[in-house]
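Here is a short briefing on one protein model, written for someone new to reading structures.

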Amino acid sequence: MAKKNSNNLFSKIIKGIWIAFLSMIILTIIGIFSVRINLFNLFGELPSYESMANPEAENDLSSVLISADGVELGKYYRFNRNQVTFDDLSPKLVQTLLSTEDIRFYEHSGIDPRGLFRALFGKLTFSFRGGGSTITMQLAENIFSTMTENQGLLYKIDFLRPFLIKIKEWIISIQLEKSFTKDEIMAMYFNTIFFGSNSYGINTAAATFFGTTPDSLNYQQSAMLVGMLNAPTKYNPISNPENAIKKRTEVLYNLYKYDFISRENFDSLKVLPLGVNYTAQDHITGPAPYFRSVIKPELIYWAKERGLDLFESGLRIYTTIDSRLQNYAEQAMTKHMKTLQKLFDAHWNGENPWRDEDGREIPDFLKTSIKKTERYRGLVAQYGRNSDSINIVLNTPYHMTVFAWDGEIDTLMSPMDSLKYYKNILQSGFMSMDPKTGQIKAWVGGIDFKYFQYDHVMQARRQPGSTFKPFVYTAAIDQGYSPCYMVEDAPVTFSIPGQIPPTYTPQNFNRKFTGEKMTLRQGMARSKNSVTAFVMKEMTNPETVVKYAKELGVENPLEAVPSLCLGTSDVSIYELIGAYASFINKGIYTKPYFITRIEDKNGNVIEVFPPRTREVLSEETAFLMTYMLMGATQETGGTALGLSSEVRMDNEVGAKTGTTQNGSDGWFVGLTKDLVSGVWTGGDERSIHFRASSGYAQGARMAMPVWDFYMQSVYADTVLNYKKGPFQRPIRPLSVEIDCAKYQNPELSDMDSVDVQQKIKKMDQNDIL
């Protein structure tokens with residue numbers, strides 16, 4: 001009787017188990033169906049079949065900026081990720097992932113029953129025996145964020161939430177397995193995982209932590225990266241190297257466990273150092289960071305207008321920048337500015353360089369400057385405007401890393417000390433363009449983008465000083481005056497009714513007038529303010545000069561006043577170089593541009609950007625202005641005679657130096673037949689500069705060496721194929737004389753001189769060269 005009862009009991013238990021099992025299957029089917037249709041919005045929406053059939057559309061792609069010579073300049077991204085294919089993956093990397101995350105990946109169809117029951121048993125017995133998620137299920141979460149997005153009403157019930165997430169992952173995984181091969185799923189998985197340090201995807205992670213590519217990863221490198229998957233911060237080799245080594249050992253053991261490596265290999269690999277070669281893949285490092293930063297808003301707007309996202313659409317943006325010229329420009333700036341900063345520091349010898357018009361130190365300069373900073377505004381918001389806590393915080397030292405030309409310095413500084421330190425550092429900007437095409441070839445917006453992110457090419461506008469003078473001379477030359485027109489180095493006074501004083505007399509740089517008679521070309525070559533003032537007053541007028549400057553591409557507001565002849569209205573390097581290029585380009589202004597075309601992620605051209613041009617000068621006037629600019633390197637006393645023989649020999653070079661009042665700004669623009677380039681140098685505050693009496697407070701010393709070093713490198717690079725040579729002459733004969741020696745005769749009387757001037761200005765056609 002007892003035996004019969006026990007058999008009945010056993011039968012009932014077996015029957016109960018089968019009923020429970022069948023019930024679970026039925027409930028699971030009902031649950032999957034309910035989740036699939038999102039019954040009563042209890043479960044949240046699933047991705048569409050289209051999304052699951054094309055998951056990479058859900059996986060954001062960074063847009064890549066490419067140089068004219070095919071070099072990647074940088075990327076725009078929210079998440080630093082770059083796609084790879086399965087063929088780009090090292091077999092050792094694939095084996096490492098399989099041994100740790102999903103050893104039966106190539107056997108199941110997205111759901112691994114053995115792994116699932118193992119994980120369920122671990123949950124019920126409170127003994128962790130590994131997770132039940134396959135690589136495909138993890139990919140579903142990586143792409144479609146099943147844990148956080150499209151949550152239904154039942155997600156609010158804590159104990160149901162994990163099961164609902166798993167059901168969604170099952171459904172998505174099955175669809176993924178139907179749509180893609182195992183190798184494709186493996187590649188997509190590696191493209192979507194996060195490794196910390198803003199590294200999304202294996203391509204970026206390999207470059208960030210080892211300076212290599214995914215196809216070159218060895219076992220120990222692969223083990224470290226795979227070990228980071230579930231806890232990137234905890235197992236980060238930079239911040240937690242001990243944890244990283246322990247985790248790597250666990251992963252290497254899995255490789256041994258599943259016979260991918262031998263015991264001997266395991267024992268030898270586990271004792272190796274991590275071998276990290278960490279290089280952050282960010283927006284700061286890499287070539288042309290200022291360029292990338294400045295054009296980003298324009299690209300964002302362009303993409304938005306077309307329903308695209310710069311950070312997620314995987315655009316390929318082809319630029320005019322030549323990576324080799326960019327490199328030479330950055331090297332030239334570094335070489336000169338490092339030296340100039342040493343001279344500046346020695347010049348002031350511990351004194352503060354912020355000075356008023358009379359050379360006296362500006363009182364409370366730092367107190368005034370700190371109030372313009374975000375830090376100060378934040379402290380005011382935190383403590384109140386008149387709180388003593390603000391001064392306490394601003395004068396309390398703390399650890400920081402600061403810029404220095406010989407390498408970053410880890411130090412203790414208060415915010416006020418830091419402000420003082422950085423205010424003593426000189427800044428610079430450089431741009432180079434092809435005058436015939438309008439393409440910008442190099443763009444260096446500052447000395448170090450990591451510490452000084454303000455761009456001095458397009459964003460900054462400063463007084464150009466004498467580099468504005470060519471606009472004044474252009475207005476005269478275009479009216480028929482010859483470069484040989486004679487002018488006396490004498491005071492020129494403008495009447496300005498209503499102003500106190502009511503007159504304005506520009507002074508020369510050395511505040512002396514020699515009374516010497518010289519040609520317009522000599523006057524511009526020597527940068528004589530008196531000659532430019534004469535041209536402004538007697539040959540043209542401020543309104544006409546403004547008109548020419550605007551036609552030549554200066555967009556910044558210009559004040560039509562007599563002092564404009566000395567460059568008192570602010571302009572940018574970008575505007576100035578675009579204008580000067582018109583002289584080389586036969587009077588055709590081409591707006592400097594930097595994008596040639598943009599393609600989508602599949603290589604389809606979305607838009608091509610042609611140059612925008614307009615004729616602003618005759619070919620003759622353009623050449624005459626080029627000839628005038630050549631005077632700086634050819635005439636006695638020319639301000640660019642200090643250029644190196646490596647650049648000047650067997651070459652025609654046009655140039656213009658510029659220095660503003662008190663030496664606040666140093667400028668240099670250099671022209672060759674193939675490149676027009678310009679430099680600005682100075683303090684970020686106009687009051688910070690060399691003493692005006694020093695020999696350094698002039699464009700030839702502050703800015704010209706950058707251009708000189710740059711062109712030396714350009715000419716030395718035989719691959720670039722930039723050759724020295726003459727400027728192109730106009731096809732038609734000139735209507736004015738440029739051989740000034742014919743008419744320069746010191747024995748002429750004043751009356752004779754006037755007659756000669758008329759002959760020069762309106763020359764008989766028979767005398768044309």
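This is a predicted model: local features need pLDDT of at least 70, side-chain atom pairs count only at pLDDT 80 or more; totals for chains, interfaces and linings use all residues.

Residues are numbered from 1 along each chain as its sequence is written, and side-chain values use heavy atoms, leaving out hydrogens and water.

**Two packed helices**
- Helix α22 (residues 573–584) packs against helix α23 (residues 619–634) at an angle of about 110°, and their axes are 7 Å apart.
- That makes α22 roughly perpendicular to α23 (65 to 115 degrees counts as roughly perpendicular).
- Tyr580, Ser582, Phe583 and Ile584 of α22 meet Ala622, Phe623, Met625, Thr626 and Leu629 of α23 in this contact (contact means heavy atoms within 4.5 Å).

**A loop residue**
- Glutamate 107 sits in the loop between α3 (91–101) and α4 (113–125).
- Glutamate 107 is exposed, with a relative accessible area of 64% (exposed means over 50%, buried under 20%, with a 1.4 Å probe and protein chains only).
- From glutamate 107 to lysine 182 is 75 residues in sequence and 9.7 Å in space, C-alpha to C-alpha.

**Nonpolar cores**
- The largest nonpolar core has 139 residues, and Ile317 and Trp443 are among those with the most contacts inside it (a core is a set of buried Ala, Val, Leu, Ile, Met, Phe, Trp, Tyr and Cys residues joined through side-chain atoms within 4.5 Å).
- Apart from that core lies another, of 44 residues, including Ala140 and Met224.

Definitions and conventions
Axes are lines fitted to C-alpha atoms, for helices over the stretch in contact, and angles run from 0 to 180 degrees between N-to-C directions. Helices (H or I, at least four residues) and strands (E, at least two) are DSSP runs, numbered from the N terminus. Angles under 35 degrees count as roughly parallel, over 145 as roughly antiparallel, 65 to 115 as roughly perpendicular and the rest as oblique.
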